[in-house]
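Let's take a friendly walk through a protein model.

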Amino acid sequence: MSQQQSLYEKLGGEAAVNAAVDIFYRKVLSDDRISSFFEGVDMETQAAKQKSFLTMAFGGPHNYSGLDMRRGHAHLVERGLNDSHVDAVIEDLGATLRELNVSEELIAQVAAIAESTRNDVLGR
Amino acid sequence: MVNIRYAKDNFELGENQSVLDCLTGRGVPIPFSCRNGVCQTCLMRATGGTPPENSQNGLKDTLKLQNYFLACICHPTADLEVALPNDDDVQAVIPATVKSLKLLNSEIMHVELECHAPIDYRAGQFINLFRDQSLGRSYSLASVPHEDDHLHLHVRRLPQGRVSGWIHEELRPGETVEIRGPGGDCFYIPGNTEQGLVLIGTGSGLAPLYGIVRDALSQNHTGPIHLFHGSRDLNGLYLTGELRDLVEQYPNFNYVPCLSGGEAPHGFASGRADDVAFQQIPNLKNWRMFLCGHPDMVKAAKKKAFMAGASMKDIYADAFNVSQSS
């Protein structure tokens, strides 16, 4: 291969996102630390949002800005969303990728991208 | 030159422009978020013309078949007439003659309608039936297009129901009503014929499921098909004879009538339909799910099915919300 593959390509692109989304969403819903934030939301809408998030975290194409992240989570920050919840999501993300046999090196890169949204998500 | 038609206006599509950019650029308020074909916020439906295949990427099969697409990744090469998913005006009103009315149990009426114009629907979708121009209600279709000549509805009489009460008390065979539709994405998609199907319904939630089961069987679905129909007591169940006949006829079809109000006689399961189903089939990985009826049941069962391994794209649901203005 002459050109260096992007993280998104290394992970397997859209097919990898599709493989991960159900596993990740299941982990989030059964994670007592954060599941209450997902109560009452439409599961299908939420699954599409999870897919958008994973696409971004996998280094894939997206148009989300820091402002979108702030707007999208402001109502959750009001309900007490804090660092511990972001930690839980990043943990669940890592566990999802481990289940799909992704290397620790790539998992660290995904976690770093997710980490980079922390301040915007928490509105700071 | 490609034109996009929306709400009776024509918009010329620019080079390399998406339908979303074309419309929002001219001030049409189309909701959007990721602009990358992922989040599905800009979901639209083609009411004329066919959307490009790649603009349907990631959509549920039932939506693809109804020409839904994502406006942000839609670059059509031919004219397209488009609407937002909730635009009621996209469907014309069709007159239909009431062919028969027959009680299925003490509170559910079987309504048979003959449409005056052909209506292209799938078993399990719903239509809106109007008592007058401004008063209509959604009812699921229990009929199967190629099996039944007419549309079949199961209308449950609601306390103070302005439409259901009228259907039960005043409507007579031979009268003409107006309907609009079909709508809804809870139906059987041909293919993957060996996949197991689990159908869970409460009350008149049996209507779409009765259609879906017969549709799947008539299309030679070979995988196991389990239907769980729940009610509080025996009086709430119906079509039990017809369903037991189907069990005799098709070895892959299984029917479990469930009674939630106390002890169940032989041949009936004791408990709520969803609980019985998840107990009998605890691992739902690779199963296709159909959930219809009481909104609380549908919502809870959706989550339980997903957590039990069913993939989100394999869960089809229709919650029967009771109109607040009944």
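## Starting with one pair

This is a predicted model. In chain B, B:Phe290 has B:Tyr316 in strand 17 as its bridge partner. Strand 16 (residues 288-293) and strand 17 of chain B run parallel and are joined by 5 bridges. Strands of a sheet pair through backbone hydrogen bonds, either parallel or antiparallel.

## The whole sheet

Now zoom out. In chain B, 6 strands make an open sheet with parallel pairing, in the order 15-14-13-12-16-17. Strand 15 (269-270) and strand 17 (315-319) of chain B stand at the edges with a single partner strand each, so one side of each has no neighbour in the sheet.

Is strand 13 of chain B largely enclosed or left open? Of its 7 residues (225-231), 6 are buried, so the rest of the structure largely encloses this strand.

On one side, 6 bridges tie strand 13 of chain B to strand 12 (residues 197-202) in parallel, and B:Gly201 stands opposite B:His229. Strand 13 of chain B also runs parallel to strand 14 (residues 253-259), with 7 bridges between them. Here B:Phe228 faces B:Val256. From strand 13 of chain B, the chain crosses through helix 5 (residues 240-249) to strand 14 in a right-handed β-α-β crossover.

## A helix across the strands

Look next for helix 7 (residues 295-307) of chain B, which lies across strands 12, 16 and 17. This helix runs at about 165° to strand 17 of chain B.

## Meeting chain A

Finally, the two chains touch: the contact takes 12 residues from chain B and 16 residues from chain A. The chain B side has 6 nonpolar, 3 polar and 3 charged residues.

Technical notes:
Residues are numbered from 1 along each chain as its sequence is written. Chains are lettered from A and ligands numbered from 1 in the order in which they are written. This is a predicted model: local features need pLDDT of at least 70, side-chain atom pairs count only at pLDDT 80 or more; totals for chains, interfaces and linings use all residues. A residue is buried if 20 or more other C-beta atoms lie within 10 Å of its own, exposed if 12 or fewer, and partly exposed in between; C-beta atoms are placed from the backbone. Helices (H or I, at least four residues) and strands (E, at least two) are DSSP runs, numbered from the N terminus. Two strands pair if DSSP finds at least two bridges between them. A crossover is right-handed if, with the strands pointing away from the viewer, the path from the first strand over the helix to the second runs clockwise. Two residues are in contact if their C-beta atoms, placed from the backbone, lie within 7 Å. Ala, Val, Leu, Ile, Met, Phe, Trp, Tyr, Cys and Pro count as nonpolar, Asp, Glu, Lys and Arg as charged, and the others, Gly among them, as polar. Axes are lines fitted to C-alpha atoms, for helices over the stretch in contact, and angles run from 0 to 180 degrees between N-to-C directions.
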